[in-house]
Amino acid sequence: MSNVNHTLHINFEKIPISIYASADQASKSVAREIADLIIRKKKEGKPAILGLATGSSPKKVYAELIRLHKEEGLSFSNVISFNLDEYYPMLPTAPQSYHRFMKENLFDHVDIPKNQFHVPDGTIGMDSVKAFCEAYEKMITDAGGLDFQLLGIGRNGHIGFNEPGSHIDSLTRLITLDFTTRSDAGLDFGGIANVPRKAITLGVKKIMQAKRIVLIAWGEHKSPIIRQAVEGPVAEHLPASYLQGHPNAQIVMDESCAAGLSRRKTPWLFDTVEWNTIMIKKAVTNLALTLEKPILMLTNEDYNENGLSELLARYGQAYDINIEVFNWVQHTITGWPGGKPNADDTYRPERAVPARKRVIIFSPHPDDDIISMGGTFQRLVDQGHDVHVAYQTSGNIAVADDEALRFIEFVRDFNSKFALSNEATDKMYFEANGFLERKKKGEKDIEAVRNIKGLIRVSEAKNTCRFVGVPQENIHFLNMPFYETGTVQKKPLGEEDYKIVTQLIADVKPHQIYAAGDLADPHGTHKVCLDAVIEALHRLKKEPFMKDCWTWLYKGAWAEWDIDLIEMAVPMSPDQVMRKRMGVFKHQSQKDGVVYQGNDAREFWQRAEDRNRATAILYNKLGLAEYAAMEAFVRLKL
Ligand code: F6R
């Protein structure tokens with residue numbers, strides 16, 4: 001953990017922060033602080049008044065508290081807790097209810113007396129909401145106020161459900177959820193249309209009155225909003241920034257969330273740094289992009305005036321740094337992602353030999369291969385490599401109900417038109433149709449429907465492979481079991497998952513592996529799929545083929561690697577961009593509005609094109625050649 005010395009960061013960071021290597025470690029430390037408070041209060045013969053949050057962020061904190069209870073005898077008998085919020089309307093037994101969340105993730109596993117925890121009631125009538133909110137606040141006041149408030153943060157900066165625009169003195173109330181919140185919640189509700197429009201939330205005023213506040217944030221997707229909350233001005237449109245004015249607030253984050261902070265983006269402005277290749281590349285590309293100058297146009301003054309005089313002193317003059325960094329960046333560009341045969345590969349990202357490589361592309365969902373690295377995929381096939389594609393999960397939950405019906409109807413009509421035996425399909429049709437007709441919002445599909453949805457995605461992936469030119473025998477559907485819960489909540493990776501991935505790598509003995517390197521969402525499928533690949537590589541590391549096996553990481557549909565991290569950039573011509581678009585179109589169930597759209601209205605092909613174009617523009621801004629688009633990769637070092 002790099003605990004913070006605030007003297008150096010005072011200008012940029014306006015809330016104390018702690019950064020941990022992982023969300024696991026950070027969660028343990030937060031749980032420890034809560035446990036210590038409970039124990040101290042117990043010794044004083046007093047209750048510990050806790051303000052609690054729900055969502056993905058605090059789950060590991062609660063898991064650690066449960067462990068402390070079970071293994072170290074931590075008792076919750078003196079805890080009185082108040083949760084921040086609840087959807088409205090919402091039954092406490094509904095799968096998405098925060099009431100249920102708290103019972104499943106904490107209360108049912110510890111010894112907190114039933115009358116000592118409180119979650120806002122999502123069932124009360126509209127007329128009673130105001131009185132309920134007043135009573136909720138009064139209960140907190142009467143208990144002596146919150147000793148400790150645990151917070152998460154929404155990507156729009158909300159705390160509790162105090163959405164942007166919430167006043168610092170706002171009281172506990174019924175609030176209308178904004179679009180970002182609802183689309184993020186869409187995952188739990190099976191689409192944004194099913195997310196309630198309102199919620200009851202503790203007001204900012206009561207939160208700010210807590211004696212201690214700890215806000216937790218994990219993952220790259222929280223990084224931009226955390227940066228604004230910590231470094232930006234206090235603003236109504238970003239309620240988390242109010243914590244700047246609290247005397248005892250702290251933000252606890254993991255490294256991937258901290259990556260957006262100035263202390264990570266421009267560390268040389270804060271401290272002495274080790275000027276290795278990565279740091280030099282980071283500093284120079286950052287300087288060029290900030291000043292909007294190509295690398296080769298940067299001057300001694302530019303370095304001196306922007307906190308880089310130490311770097312300048314090492315090289316003597318800007319010209320020498322510029323040339324070196326320009327060449328490094330230049331050498332990442334290659335039209336030969338599998339290596340260029342018979343060429344000098346000293347300065348190329350990939351090896352020339354063997355000229356024909358065995359390649360496995362791991363695709364977490366059935367369309368990540370084409371969306372995230374379709375141009376590179378096509379080149380690898382066109383350049384004669386033995387390309388295998390491994391679809392790690394079935395992706396079945398992302399297929400809409402009517403899409404499933406359309407296909408089962410087709411099979412039934414096909415059979416009936418050609419007088420084929422129809423009994424079994426009729427039975428399946430009635431079963432699936434019957435279920436879908438009475439399906440409740442967000443309800444888990446029955447197995448038959450899940451299978452149909454999975455098959456739809458199989459056929460789409462096969463269609464993409466046919467389009468790109470991958471032979472049937474090189475297409476592998478791994479159907480990793482961790483995914484097959486029928487809900488957004490997945491099982492943890494298990495031995496069966498590891499075995500499947502390990503076996504495939506052992507069979508193919510690849511020279512190159514491509515895998516989705518998304519670190520954005522610690523609970524997301526991409527990260528889990530990457531963890532499985534990494535574990536498999538560890539298990540196989542003594543195998544002779546492994547010394548020639550390189551792994552390249554691509555990013556998923558949304559983000560791109562920071563320019564200074566990119567080690568291979570594969571350019572695309574306008575025609576290649578069009579071809580990739582056609583490849584993405586093969587995934588028809590993921591077009592024209594998808595189940596999990598998120599808060600980005602663009603379709604996947606648009607997201608991919610925008611992002612690939614943006615990477616090409618960045619290279620061009622640095623003074624390198626202008627391409628229509630680029631796909632970028634980072635090499636995995638185990
Ligand atoms: C939940 C709550 C919200 C969440 C926030 C982050 O009780 O009040 O403010 O903390 O939306 O949610 P996750 O942790 O799921 O990213």
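A residue is near a molecule or strand if one of its heavy atoms lies within 4 Å of it. In this predicted model, local features need pLDDT of at least 70 and side-chain atom pairs count only at pLDDT 80 or more, while totals for chains, interfaces and linings use all residues. Residues are numbered from 1 along each chain as its sequence is written, and side-chain values use heavy atoms, without hydrogens and water.

**Ligand site**

The ligand is surrounded by 13 residues. The closest are Ser-57, Asp-85, His-158, Gly-160 and Lys-222. By class, the shell holds three nonpolar, eight polar and two charged residues. Here Ala, Val, Leu, Ile, Met, Phe, Trp, Tyr, Cys and Pro count as nonpolar, Asp, Glu, Lys and Arg as charged, and the others, Gly among them, as polar.

| Residue | Distance to a ligand oxygen |
|---|---|
| Asp-85 | 2.5 Å |
| His-158 | 2.6 Å |
| Lys-222 | 2.6 Å |

Taken alone, the ligand exposes 410 Å², and the protein buries 87% of that. Accessible areas come from the Shrake-Rupley method with a 1.4 Å probe; for residues, only the protein chains shown count as cover.

**Domains**

An automatic or database assignment sets the domain bounds. Domain 1 covers 4-260, domain 2 covers 267-330, and domain 3 covers 358-402 + 447-636. The centres of domain 1 and domain 2, taken over C-alpha atoms, are 41 Å apart.

**Cysteines**

How many disulfides does the whole structure hold? The search finds zero. A disulfide is counted when two cysteine sulfur atoms lie within 2.5 Å. For Cys-529, the closest cysteine sulfur is in Cys-465, 16 Å away, so a bond is out of reach. Cys-529 is buried, at 1% relative accessible area. Buried means under 20%, exposed over 50%, and partly exposed in between (1.4 Å probe, protein chains only). Cys-133 is also buried, at 3%.

**Backbone features**

The peptide bond from Tyr-88 to Pro-89 is cis, with omega near -5°. Pro-89 sits in the loop between strand E4 (85-88) and helix H4 (98-105). Helices (H or I, at least four residues) and strands (E, at least two) are DSSP runs, numbered from the N terminus.

Ala-419 is not a glycine, yet has a positive phi of about 50°. Ala-419 lies in the loop between helix H16 (401-417) and helix H17 (423-438). Ala-419 is exposed, at 69% relative accessibility.

Definitions and conventions
A polar contact is a pair of N or O atoms within 3.5 Å; within protein, one must be able to donate a hydrogen and the other to accept it, and residues adjacent in sequence count only if both atoms are side-chain atoms.
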